[in-house]
Every structure is written in structure tokens, then in C-alpha cells.
Amino acid sequence: MITVVSGLPRSGTSLMMQMLQAGGMSILADAGRPADEHNPKGYLEYQKVRSLKSDNSWIADAEGRVVKVVSQLLYHLPPAHEYRIIFMQRDLDEVLRSQEKMLAGLQQPSGPERDMMRQHFTRHLAALDEWLGTQAHFSRFECNFSDLITKPAAAVQEIVRFLGIPLNVQSMAEAVDPILYRQRNN
Amino acid sequence: MFEPRIKVGKELYATLKTAATVAGYSSVDEFILHILEKAAAEISQAQSEEEVRRRLQGLGYIE
């Protein structure tokens, strides 16, 4: 069984990785993307995931561990393994604002207007949701980012129940830092 | 109210009529509307996935 933290970029996937690490899970990550102003506590990413579409030979290394896989790459996880997916859900406007800020920092083009990008992400998430529902090798838990920030103890209980493994729930809840909840809508 | 209309050649119309009957549609119009909606949705979906891919690439999440 492989645990996957997924969602759109800037939806709270790094926070979830930090929480699972604090709770005692083994993390598959490297130092490819160090912590920065957008993510002061680190991204906890594994660089080989970026080329998952063309090379999944490393996936066995994730057995019994947790790895971050961005939403669009879930299609490329080989079905020979079983996956528990914690899928982060965050208000799309918050996600878009945060992404735009990060793109500017990386000196990357911002791409389509925000309204258009919102439509693209909405279509992408709807198609992914439908596809995931047809895949027997995935089980999924939808984690709301706002709830996670405002009520971490309750959210942690649900996550641990989904994963079905003993974790340090106190350390997981303590890993949540509300100060880092930026780009919020209100 | 104005409704756009599309001209279809006689030969193509005959082909579409046969296909609509075979596929169990109640009319040629219903059949054509369905396949046009489906084609448009597929193109929109592909465009969205491509824009998402570009955004994820820009953010460093995919190669």
C-alpha cells in the first residue's frame, strides 16, 4: 500500500506531508525543492515524481510510505500497486492567487486569466474525480484545507481513521500553523 | 428568437440519418446535437488539461 498526498499545487499538500511526517509516517522525498518563502516548512517532494508519466520505475520505493503526487499525475500511477489518496481540497480562488504569486516569484508566465484558469481547473478536477471513482486500486479521502487549519484535531482523527495506521495525532495537529494560511478569502 | 442553422450536404445527411437510426436516436437532429456536444466537450477538456499541464510545469510540479 502506498499513501499519496495529492491535489492542486498550493492546496495544502505540503502541509499534509509535514503532518504525516510529524505523525510518524515514512516520507518519500528528497532535497530537490528546498523550503522557500512560499513554503517555509518545506515541500517534501520527490523529484522523480515530476517525470512519473515517462518513468514509474521508482514507485516500489514508495511502498509503505507517503509520497506527494500532483493531481494531473495520478493518471500515471501504475495499477499494479494499491494507493490511499489524501486529496487536498481548497477554495479555488485561494489556490489561484497563491499559484500566481508563486509563478511571479519563479519568473514564470502567468498563463490564462484567473477566470479562465478557474474553468480549466474545474474541468480538470471534475474529470479526475470521475476517473478516480472507476479505479479499483485507489481509495480516497477528501481533506478540506480550511477545516484542517481551523479544526486540526478533528481533521487529524479523520485522516488517521482513513489511513488505518497508528500515528501520533498530537504531533500531527501541532504541525498545523495557521499563520501560514495566506491567500485566504476572508 | 434567432437560432443558428448549419447546412449539411445531401450525401452527408443521408449518412447521418442512417447512423442515427442504427444508434437508436429518435431523430437526425437529436443525433447531430449529441455528437456535436460530445465533440465540443472533448476539445474543451483537452484544452483544459493542456492549460493545467502548462501551469503545473511552470510551478515545477511536472517535467
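I take axes as lines fitted to C-alpha atoms, for helices over the stretch in contact, with angles running from 0 to 180 degrees between N-to-C directions. Helices are DSSP runs (H or I, at least four residues), numbered from the N terminus.

Ground rules: this is a predicted model, where local features need pLDDT of at least 70, side-chain atom pairs count only at pLDDT 80 or more, and totals for chains, interfaces and linings use all residues. Residues are numbered from 1 along each chain as its sequence is written.

I looked up how helix 3 of chain A (residues 114-132) meets helix 2 of chain B (residues 28-58): the angle is about 105° and the axes are 8 Å apart. The two are therefore roughly perpendicular (65 to 115 degrees). Contact (heavy atoms within 4.5 Å) involves, among others, A:Phe121 and A:His124 on one side and B:Glu51 and B:Arg55 on the other. I get 4 nonpolar, 7 polar and 4 charged residues there; Gly counts as polar in this scheme.

Next, cavities: sets of points on a 1 Å grid over the protein atoms alone where a 1.4 Å probe fits but cannot get out. I find 2 of 30 Å³ or more, a volume being the space filled by probe spheres set on the points.

I note A:Pro9, A:Thr13 and B:Tyr61 among its lining residues, which come to 6 nonpolar, 3 polar and 1 charged.

How values were computed: Chains lettered and ligands numbered in written order. Heavy atoms only, no water. Parallel < 35°, antiparallel > 145°, perpendicular 65-115°, else oblique. 1 Å grid on protein atoms, 1.4 Å probe; cavity = no way out; pocket = protein on both sides within 12 Å on 5 of 7 lines; lining within 4 Å.
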